[in-house]
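I hope they are handy while you have the coordinates open.

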Amino acid sequence: DQPFLTQMTEAAIRALSGPEGKDPFVLLVEAASVDKQSHPNHAAGTIWDAIEMDLAAGVALRWAAPRGDTLI
């Protein structure tokens with residue numbers, strides 16, 4: 001049932017940036033399963049979480065691209 005990290009990142013940016021998308025905000029996106037998957041050496045889960053984080057970073061980078069006031 002859990003949405004993908006990209007979906008959660010998109011929703012957080014929409015909510016935090018305000019109705020016109022111009023409100024300042026700080027957002028921390030975390031791929032939380034990478035540690036849990038790494039301890040038992042579950043490579044597939046670790047790689048999946050790294051890919052999810054990369055895709056979520058892409059969402060943020062695409063949102064920030066036209067702006068000159070955003071640090072990723």
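1. Let me start with the residues of helix 3 that are buried: G45, D49, E52, A56, G58, V59, A60 and A64. Please keep in mind that this is a predicted model. The cover over these buried residues includes helix 1 (5–16) and helix 2 (33–38).

2. Helix 3 itself runs over residues 43–64, which makes 22 residues. From its first C-alpha to its last it reaches 31 Å, close to the 32 Å expected at 1.5 Å a residue.

3. What does T6 touch, leaving aside its neighbours within four places in sequence? T6 is in contact with E52, L55, A56 and V59. The residue is placed in helix 1. T6 is itself buried, because its relative accessible area is 18% and the cut-off is under 20%.

4. F4 lies in the segment before helix 1. Not counting residues up to four places away in sequence, F4 touches W48 and E52. The C-alpha atoms of F4 and A56 are separated by 8.8 Å, although the two residues are 52 apart along the chain. With a relative accessible area of 45%, F4 is partly exposed.

5. How many aromatic pairs does a search of the whole structure find? There are two. In one of them, the rings of F4 and W48 have their centres 6.2 Å apart and their planes at 55 degrees, so this pair is tilted. The pair links distant parts of the chain, with F4 in the segment before helix 1 and W48 in helix 3, 44 residues apart. W48 counts as partly exposed, at 48% relative accessibility.

6. F25 and W63 also form a tilted aromatic pair, with 5.4 Å from centre to centre and 55 degrees between the planes. Why does this pair tie together parts that are 38 residues apart in sequence? The reason is placement: F25 lies in the loop between helix 1 and helix 2, whereas W63 lies in helix 3. F25 is partly exposed, with a relative accessible area of 26%, and W63 is partly exposed at 23% relative accessibility.

7. W63 has a further partner worth a look in your viewer. The charged end of R67 sits over the ring of W63, 3.8 Å from its centre.

8. On overall dimensions, the radius of gyration of the chain is 14 Å, whereas a compact globule of 72 residues would have one near 11 Å. The C-alpha trace spans about 45 × 25 × 15 Å along its principal axes.

9. Finally, some totals for the chain. Buried residues make up 24% of its 72 residues. Among contacts with a separation of 6 or more, 45% are between residues 24 or more positions apart. The accessible surface comes to about 5500 Å², and carbon and sulfur atoms account for 58% of that area.

Note on methods. Residues numbered from 1 in each chain as written. Predicted model: local features only at pLDDT ≥ 70, side-chain atom pairs only at ≥ 80, totals over all residues. Heavy atoms only, no water. Helix = DSSP H or I, 4+ residues; strand = E, 2+ residues; numbered from the N terminus. Expected span 1.5 Å × (residues − 1). Buried < 20%, exposed > 50% of the residue type's maximum accessible area, 1.4 Å probe, protein only. Contact = heavy atoms within 4.5 Å. Phe/Tyr/Trp six-rings, centres within 6.5 Å; stacked < 30°, edge-to-face > 60°. Lys NZ or Arg CZ within 6 Å of the ring centre and 35° of its normal. Rg over C-alpha atoms; globule rule 2.2 N^0.38 Å. Areas by Shrake-Rupley, 256 points an atom, 1.4 Å probe, with all protein chains shown as cover.
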